[in-house]
Amino acid sequence: MESGAEILVKCLESEGVEVIFGYPGGAALEIFDALQKSKQIRNILVRHEQGAAHAANGYARVSGKVGVCLATSGPGATNLITGVATAYMDSIPMVIITGQVPSGMVGTDAFQEVDITGISDPISKHNYLVKDTKDLPRIVKEAFYIAKSGRPGPVLIDIPKDVAASLVEYKEYSRVDLRGYKPNLTGHKGQVKQVVQLITKAQRPLFCAGGGVISAQAEKELLFLAEKLQAPVVSTMMGLGSIPREHPLSLGMLGTYGLARANQATQACDLFIALGMRFDDRVTGNTQKFAPQAKIIHIDIDTAEIGKNVRADVPLVGDLKIILKQIMECLDCSKKEAWWPEVEAEVARQQANEKANENKKGKAKEQAGGRELADEVHPAEVITALNRVLPPEAIITTDVGQHQIWAAQGLNLQKPRTFISSGGLGTMGYGIPAAVGAQVAFPQRPVVVITGDGSFQMGMPELGTCLEEDLPLKIIIFNNRTLGMVKQLQDHYCEGRHVSVSFRKQPEFQYIARAYGALGLCVQKKAELSEKLAQLMRHPGLAVLEIVLAAEHNVYPMVLAGKGLDEMVSEVCVVR
Amino acid sequence: MRHTLAVLVENRPGVLSHVAGLFARRGYNIESLVVGETEDKTVSRITLVVEGDERVIEQVSKQLNKQIEVIKVNDITNEETVDRQMLLLKVTADQAARQEILQLMEIFRCRVVDIGRRSLIIEATGDEGKLEAVTQSLRPFGIKELVRTGKVAMVRGPK
């Protein structure tokens with residue numbers, strides 16, 4: 001006879017789990033006790049349950065495995081929730097285990113009781129409240145299967161204390177059979193034929209790579225097709241890294257903060273081939289004005305995404321890797337004429353014009369007694385400097401805000417699963433714990449966190465985890481003493497009235513770093529940037545680099561609410 | 001337009017709340033919902049009446065299908081179906097009115113299931129139109145209480 005907790009650990013081991021990010025508590029005592037006996041599973045103690053969920057997320061995203069986190073009932077469980085929602089929005093495979101008060105007390109508002117299955121319902125792919133210890137092997141097996149198959153996502157298992165404690169005979173459960181859940185993997189043959197016809201006919205085809213390309217591991221197939229057709233590729237934020245940034249066919253990120261050339265190509269193409277993406281409003285801008293000349297092919301594993309936000313001329317449901325192979329088999333057409341250089345040339349012309357105007361304006365400002373910015377670091381320069389020092393296998397995580405967009409626009413990503421950012425939910429405080437998970441998955445690879453002064457202060461507790469586990473993260477803080485993205489929105493939508501966005505007083509970030517046994521560095525002037533950055537990357541342990549930036553810089557181009565992707569505003573139009 | 005969806009789900013606790021919660025959070029309106037066991041004890045059938053255009057109903061069906069515990073979703077709006085709702089109605093009925101009410105109920109083929117000193121309870125089964133007519137005919141006498149089930153429906157023929 002074995003306890004439920006021991007059976008749980010056995011089941012986790014047989015799923016190949018090697019790491020759990022957790023935080024203990026009364027209702028999870030038995031589980032932690034059993035976990036400690038496992039030779040296979042390493043238990044990483046975080047500093048806040050939200051960190052556990054984000055770390056499991058980061059671990060899953062870099063490794064492609066299912067991330068696992070564990071917390072106690074009540075506040076432990078609710079603290080996980082932002083992390084569960086983050087994983088749900090980005091379709092990240094995770095299993096979340098929570099302790100629960102004993103079955104007999106469920107529903108009595110007992111100490112540290114919350115209805116976590118109820119709370120997590122709208123933000124998880126599925127959840128379970130285990131009522132009988134005998135069900136554990138089946139439930140764990142199903143949870144892992146559901147988390148990683150089809151469209152991946154988080155699955156929560158809530159285990160009452162008595163279920164974890166009671167003794168039963170362990171019976172392995174091997175075959176998952178869910179009659180209501182059978183993901184469809186192969187594309188419908190007729191639809192594939194239609195897709196091939198549209199591609200053959202198209203003059204200006206454009207691929208758009210979403211996060212699905214990475215989770216289906218379809219990067220090679222995408223590259224093959226893009227090269228065969230000479231069709232350029234734009235990416236959503238979740239799709240970054242699916243095609244090397246410097247590949248001649250890669251146009252970078254599209255969307256309301258996308259690159260001008262990616263957005264203009266979207267508006268100019270006559271066939272938009274959406275791969276594993278969901279037409280988020282941050283991708284499309286005004287959907288009425290999205291890709292107006294294009295027929296849209298939408299390929300996704302989730303039927304419910306087809307036609308949800310944007311009409312698809314030809315939908316194709318299934319596993320992206322399988323479907324792209326199906327298309328490759330049927331496609332017999334020659335290279336298209338390169339159509340996007342024209343778009344790029346036009347974008348370059350516009351940008352040169354804007355630059356000229358800006359220079360004129362800048363001179364006028366200087367003469368009017370404006371501040372001299374020549375000495376100060378421009379955020380884009382940090383990204384350029386990073387591109388120089390980062391090896392291709394480096395993993396970059398970000399938080400959320402302006403620094404995230406600068407990174408997404410400018411980083412020279414060369415491999416999938418190297419850019420880890422909260423795309424759908426936009427969760428501040430994600431960067432550091434996600435990097436914890438990434439570093440645990442790959443102890444030998446450099447893991448860099450790009451964060452802001454606001455986000456850093458949300459993710460900061462996990463520095464304690466880095467200290468304890470000797471995780472040599474390299475954390476770069478873009479410090480403009482401002483919640484810059486909100487400030488930017490206030491510039492555009494509140495006539496420049498800035499409310500609750502400036503940090504008038506801030507801690508000394510270098511000292512915070514030192515308090516956690518880390519190297520703390522600060523860059524004030526442009527001239528120091530490359531040296532300090534090199535120093536950061538050379539340091540063998542945890543290190544924090546604060547870069548002081550002017551608060552004036554906004555992220556451009558930007559598509560305002562209700563506008564199409566080709567109606568971007570740039571620096572020149574800023575309300576000051 | 002009003003749609004009737006027949007949804008087969010696992011007969012387990014929590015499933016109904018998953019389905020109902022889905023409607024609330026995606027902003028769809030349920031007009032009526034009936035749930036009960038089927039010929040297979042492990043399967044329940046939820047009959048839903050939902051208001052919405054084609055796009056909304058398509059999304060509703062897809063989101064329902066996405067739920068792990070949902071086995072099958074059928075839109076039976078345009079099928080030939082038998083559909084029924086039930087109504088229980090307590091109507092004021094003194095000696096003078098009683099006879100008239102009984103005659104009316106005969107016409108509608110309703111049953112009187114309880115007789116009090118000053119009231120009757122009427123049970124009526126039928127489609128929406130019939131139940132509406134029954135209610136209207138009894139209104140002049142004074143309706144004291146009224147409960148109605150949602151709609152259950154079954155496709156005609158061998159399917």
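In this predicted model, seven residues of domain 1 of chain B are in contact with five residues of domain 2 of that chain. Three strands of chain B, β1 (2-10), β2 (30-37) and β3 (43-51), each give two or more residues to the domain 1 side of this contact. The top contributor there is β2(B), with three residues. Sorted by class, the domain 1 side comes out as four nonpolar and three polar residues, with no charged ones. As for the bounds, domain 1 of chain B covers 2-75 and domain 2 covers 82-155. Their C-alpha centres sit 29 Å apart.

Four strands of chain B make up an open sheet, in the order β2-β3-β1-β4, with antiparallel pairing. At the edges are β2 and β4 (70-75) of chain B, each pairing on one side only. Going from one strand to the next, the twist averages 15°. Seven bridges join β2(B) and β3(B) in the antiparallel sense, and Gly36(B) faces Arg45(B) of β3(B). Two helices go with this sheet. Helix α1 (residues 15-25) of chain B lies across β1, β2 and β3 of chain B, at about 145° to β1(B). Helix α2 (residues 54-66) of chain B also packs on the sheet, where it touches β1, β3 and β4 of chain B, and its direction makes about 160° with that of β4(B).

Turning to chain A, the division is into three domains: domain 1 (2-168), domain 2 (189-341) and domain 3 (374-551). Taken over C-alpha atoms, the centres of domain 1 and domain 3 of chain A are separated by 30 Å. Between these two domains of chain A, 24 residues of domain 1 are in contact with 25 residues of domain 3. On the domain 1 side, β2 (19-22), α3 (49-63) and α4 of chain A supply at least two residues each. It is α3(A) that gives the most to that side, with 11 residues. The class tally for the domain 1 side reads 10 nonpolar, 11 polar and three charged.

Another residue of chain A worth a look is Leu225(A), placed in helix α10 (residues 219-229) of that chain. Leu225(A) counts as buried because it has 22 C-beta neighbours inside 10 Å, where the cut-off is 20 or more. Neighbours within four places in sequence aside, Leu225(A) is in contact with Leu324(A), Ile327(A) and Met328(A). Of these, Met328(A) is 103 residues away from Leu225(A) along the chain, yet their C-alpha atoms are separated by 7.0 Å.

Finally, the two chains meet. Here 12 residues of chain A are in contact with 14 residues of chain B. The chain A side of this meeting holds five nonpolar, four polar and three charged residues.

How values were computed:
Residues numbered from 1 in each chain as written. Chains lettered and ligands numbered in written order. Predicted model: local features only at pLDDT ≥ 70, side-chain atom pairs only at ≥ 80, totals over all residues. Nonpolar A, V, L, I, M, F, W, Y, C, P; charged D, E, K, R; others polar. Domains from an automatic or database assignment. Buried ≥ 20, exposed ≤ 12 C-beta atoms within 10 Å, placed from the backbone. Pairing = 2+ DSSP bridges. Axes fitted to C-alpha atoms, helices over the stretch in contact; angles between N-to-C directions.
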